[in-house]
Amino acid sequence: MQRETRQRKLVSEILMESMDHPDALTVFRRAEERGAKISLGTVYRTLELLVNEGKAIKFYDRSAVARYDAKILPHHHLICKICRKVEDWEGENLYSEMIRKEIEKSTSFKDVDFHMIIYGICEECAKRSR
């Protein structure tokens, strides 16, 4: 485990406070807004370190942009096809368990874990398109 530097603590705090599942550039901008002297490279390395230590989740949106989430309990993500907003979705454990068992039964994989990304149109974008 790496020692906790001021910069690492700041990136971690920003990620924990963010409900919008930010990308590295967004985290960098939020750090700058707080007056921090930090490079974009440091933000990227710190986010990857948090993921590798199991303190954050990394996933990719439809544009192949890496997004980060400090909520590490099992959950899935809904992404709006229009505005790219990301929301957490807990999902139904029954379906998760069914999928897990089906994968283990039909492949050589065991101890299966997965993360779904579901695309749709959020309520705000749906209202605008009416």
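Arg8 is buried, with a relative accessible area of 4%. That value falls under the 20% cut-off for a buried residue. The model described here is predicted.

Arg8 has a charged partner. Arg8 and Glu53 form a salt bridge, and their closest N and O atoms are 2.2 Å apart. This pair links distant parts of the chain. Arg8 sits in helix H1, which covers residues 6-17. Glu53 sits in the loop between helix H3 (40-52) and strand E1 (57-60). The two residues are 45 residues apart. Glu53 is partly exposed, at 25% relative accessibility, whereas Arg8 is buried.

## The chain as a whole

The protein chain has 5 helices and 5 strands. Along the sequence they follow the pattern α-α-α-β-β-β-β-α-β-α. The C-alpha atoms fill a box of roughly 50 × 45 × 20 Å, taken along the principal axes.

The chain has 130 residues, and buried residues make up 28% of them.

## Where H1 meets H3

Two packed helices are described by the angle between their axes and the distance between the axes. For H1 and H3, the angle is about 70° and the axes are 10 Å apart. H1 is therefore roughly perpendicular to H3, as angles of 65 to 115 degrees count as roughly perpendicular. The crossing of H1 and H3 is right-handed.

Which residues of H1 and H3 make the contact? H1 supplies Gln7, Arg8, Val11, Ser12 and Leu15. H3 supplies Thr42, Val43, Thr46, Leu47, Leu49 and Leu50. By class, the contact has 6 nonpolar, 4 polar and 1 charged residues.

## Other salt bridges

How many salt bridges does a search of the whole structure find? The search finds 17. One of them joins Glu13 and Lys9, at 3.0 Å from N to O. Both residues lie in helix H1, 4 residues apart, or about one turn of the helix. Glu13 is partly exposed at 27% relative accessibility. Lys9 is partly exposed too, with a relative accessible area of 42%.

A further salt bridge joins Asp61 and Arg84, with the closest N and O atoms 2.8 Å apart. This pair also links distant parts of the chain, 23 residues apart. Asp61 is in the loop between E1 and strand E2 (66-69). Arg84 is in the loop between strand E3 (76-80) and strand E4 (86-89). Asp61 is buried at 4% relative accessibility. Arg84 is partly exposed, with a relative accessible area of 34%. Elsewhere, salt bridges that share partners join Lys9, Glu13, Glu17 and Arg34 into one network.

## Positive phi in two loops

Most residues other than glycine have a negative phi. Ala64 has a positive phi, near 65°. Ala64 lies in the loop between E1 and E2. Is Ala64 buried or exposed? Ala64 is exposed, with a relative accessible area of 59%.

Arg84 also has a positive phi, about 70°, although it is not a glycine. Arg84 is found in the loop between E3 and E4. Arg84 counts as partly exposed at 34% relative accessibility.

## Val51 in H3

Val51 lies in helix H3. Its relative accessible area is 22%, so Val51 is partly exposed. The cut-off for buried is under 20%.

What does Val51 touch beyond its neighbours within four places in sequence? Val51 is in contact with Ala56, Ile57, Lys58 and Tyr68. Ile103 is 52 residues from Val51 along the chain. The C-alpha atoms of Val51 and Ile103 are separated by 25 Å.

Technical notes:
Residues are numbered from 1 along each chain as its sequence is written. This is a predicted model: local features need pLDDT of at least 70, side-chain atom pairs count only at pLDDT 80 or more; totals for chains, interfaces and linings use all residues. Side-chain values use heavy atoms; hydrogens and water are left out. A salt bridge is a side-chain nitrogen of Lys or Arg within 4 Å of a carboxyl oxygen of Asp or Glu. Buried means under 20% relative accessible area, exposed over 50%, partly exposed in between (1.4 Å probe, protein chains only). Axes are lines fitted to C-alpha atoms, for helices over the stretch in contact, and angles run from 0 to 180 degrees between N-to-C directions. Angles under 35 degrees count as roughly parallel, over 145 as roughly antiparallel, 65 to 115 as roughly perpendicular and the rest as oblique. A crossing is left-handed if the near helix is turned anticlockwise from the far one by less than a right angle, and right-handed if clockwise. Contact means heavy atoms within 4.5 Å. Ala, Val, Leu, Ile, Met, Phe, Trp, Tyr, Cys and Pro count as nonpolar, Asp, Glu, Lys and Arg as charged, and the others, Gly among them, as polar.
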